[in-house]
Amino acid sequence: MRFILSLDEGTTSARAALYDDKGRRTAMESASFASKYPKPGWVEQDPEEIWRAQLDATRRTLESAKTSAASIAAIGITNQRETTIVWDRKTGQAVSPAIVWQCRRTADFCASLSASSAASVITRKTGLVIDAYFSASKIRWILENVPDAKQKAHDGELLFGTVDTWLIWKLTNGAAHVTDYSNASRTMLMDIGLGEWDDELLRIFGVPQAMLPRIFPSSAVAGVAVAEHLGAEIPIAGIAGDQQAALFGQACFRPGLSKNTYGTGCFALLNTGSRQPVSRHKLLSTRAASTGKDAQFAVEGSIFIGGAAVQWLRDKLGILKNAAESEQIAGSVENTGGVYLVPAFVGLGSPHWDSQARGMLSGITQGTGRAEIVRATLEGIAYQVRELIEAMEADSGEPLKELRVDGGASANNFLLQFQADILGKRIVRPVDVETTALGAAYLAGLATGFFKSLDEIEQFWQAERVFEPAMSAVKRDDLWSGWKRAVARCRYEGS
Ligand code: ADP
């Protein structure tokens, strides 16, 4: 048994990677799948397409490594979180498209919930801010809007899962209907302290208990993939939501350590250990992935649109050939000339929680061209991250010393230098920025004895490049106040 196989199912693509016993990635392949935007603010995916993409990426990974499933000790799975799939227990057919985490279709319902007496119960039990982001209102939407779904769900004929659950159900041919604490903590149906589905929350959202998966620790054997799909039976021994997997993959095992991931969205997580955080600055409390039986927590700031703004420049505006090109184009001008892009394409997440806000490009003059817009887009990502870090520092009362970074857009040196400048903090990029896949591999490897201990894994983490802040405080403050004005303008009127 020479490898751990990590399945990393993201928002835009499914990846599969192999890791050896030194935590080194020896192969990785990916397959992308489509998101559909049927109405403004709506985002959907096809559950079957997600599964096929994951299977395709996995088979090609084994091929490219010239190995077979027989050499795999265990599988770790990590996934886009909150995305909601409901399927028929007997036929295995999804009853509707997957409702993606970014989708705003339940924003009105969530607004009415926020104004109701249930609001304080929900936030206290889940550690979350009431928002369309989380799974519960999405499940409710499916049960309310798909013909017969509500009755079937009550009769025990339908199953719910986030994408981890869906993939494991597929891999085990329906034998395992499971999830882990980190994914379950994003559904808005779990009591985060107890780690159990909560009857009161289930009643509020109208979700029958029979639909829900069994919750496992993130590092434990939760099922066995059947030989039909990959060529041999393989235990599934690690599960974690992508951001918690990334925190683990960055070796942020101890309280006080933090990371930010620049993927489709941006997610900053700070490990708070066994202490369940209660944020006073609109951050989220969440379960961290851990190896022990005891609950581990993190405080999280979530931004819906990060690298996705760069994708928008490429796919919708057509001003980039590829995402990587944004680095050189942004660096070709000294500044944006006062242009700001607030990418509130699906509203604003932490710390604003404004579902109705929409994106805005401001400060345009006749001198504004492609380079300024590209630069404003990358800067917009970094400004949003500063908002998260400021909220975290205000919550903890302690300044963050440095920030570990990862995710697809962390390859962008311009972005990370600007991030260091606008935060006034050191940014550290590790050798392996695919920390999501790595974290899932660690969790699976620790559960099966492939990796020995957290101490061993800590030794694997290595910095590749450090970005030191170089901007003057005056300039930083000036740019920052411009950003704050831009955000205020794009907030929903009256909020
Ligand atoms: P996810 O796991 O959420 O699907 P990834 O971590 O793979 O996302 O990151 C992909 C995102 O990062 C895309 O939105 C893409 O536009 C952006 N991206 C990738 N490379 C770069 C780059 N060099 N500069 C800026 N953005 C990038």
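These notebook entries record what I looked up in the structure above.

**Entry 1: the model.** I noted that this is a predicted model, in which local features need pLDDT of at least 70 and side-chain atom pairs count only at pLDDT 80 or more, while totals for chains, interfaces and linings use all residues. I also noted that residues are numbered from 1 along each chain as its sequence is written, and that side-chain values use heavy atoms, with hydrogens and water left out.

**Entry 2: the largest pocket.** Before looking, I wrote down that a pocket, on a 1 Å grid over the protein atoms alone, is an open set of points with protein on both sides within 12 Å along at least five of seven lines, that a cavity is a set of points where a 1.4 Å probe fits but cannot get out, and that lining residues have an atom within 4 Å of a point. A volume is the space filled by probe spheres set on the points, which are joined across faces, edges and corners. I found about 800 Å³ for the volume of the largest pocket. Its lining has 39 residues, and Tyr262, Gly263, Thr264, Gly408 and Ala409 are nearest the centre. Helices (DSSP runs of H or I, at least four residues) and strands (runs of E, at least two) are numbered from the N terminus. Among the elements that each supply at least two lining residues are strand 2 (13-19), strand 15 (258-262) and helix 15 (435-447), but helix 11 gives the most, with five. I sorted the residues by class, with Ala, Val, Leu, Ile, Met, Phe, Trp, Tyr, Cys and Pro as nonpolar, Asp, Glu, Lys and Arg as charged, and the others, Gly among them, as polar. The lining of the largest pocket then divides into twelve nonpolar, 18 polar and nine charged residues.

**Entry 3: the ligand.** Where does the ligand sit? I found the ligand in the largest pocket, where sitting requires more than half of its atoms to lie within 2 Å of the grid points. Around the ligand are 16 residues, with Thr12, Arg15, Thr264, Gly307 and Gly408 coming nearest; a residue counts as near if one of its heavy atoms lies within 4 Å. Helix 11 gives the most to this shell, with four residues, and by class the shell has five nonpolar, ten polar and one charged.

I then looked up polar contacts (pairs of N or O atoms within 3.5 Å). Glycine 408 has a backbone N or O atom 2.8 Å from an oxygen atom of the ligand, and a polar backbone atom of alanine 308 lies 3.3 Å from a ligand oxygen atom. In the side chain of asparagine 412, an N or O atom is 3.0 Å from a nitrogen atom of the ligand. The protein covers 84% of the 580 Å² of accessible area that the ligand has on its own, by the Shrake-Rupley method with a 1.4 Å probe.

**Entry 4: the backbone.** Most residues other than glycine have a negative phi, and most peptide bonds are trans. I noted that the bond from serine 350 to proline 351 is cis, with omega near -10 degrees, and that proline 351 is in the loop between strand 19 (340-342) and strand 20 (360-362). Aspartate 148 has a positive phi, near 70 degrees, and is in the loop between helix 4 (135-145) and helix 5 (149-154).

**Entry 5: the cavities.** I counted four cavities of 30 Å³ or more, and the largest cavity holds about 60 Å³ of space.

Notes: A polar contact is a pair of N or O atoms within 3.5 Å; within protein, one must be able to donate a hydrogen and the other to accept it, and residues adjacent in sequence count only if both atoms are side-chain atoms.
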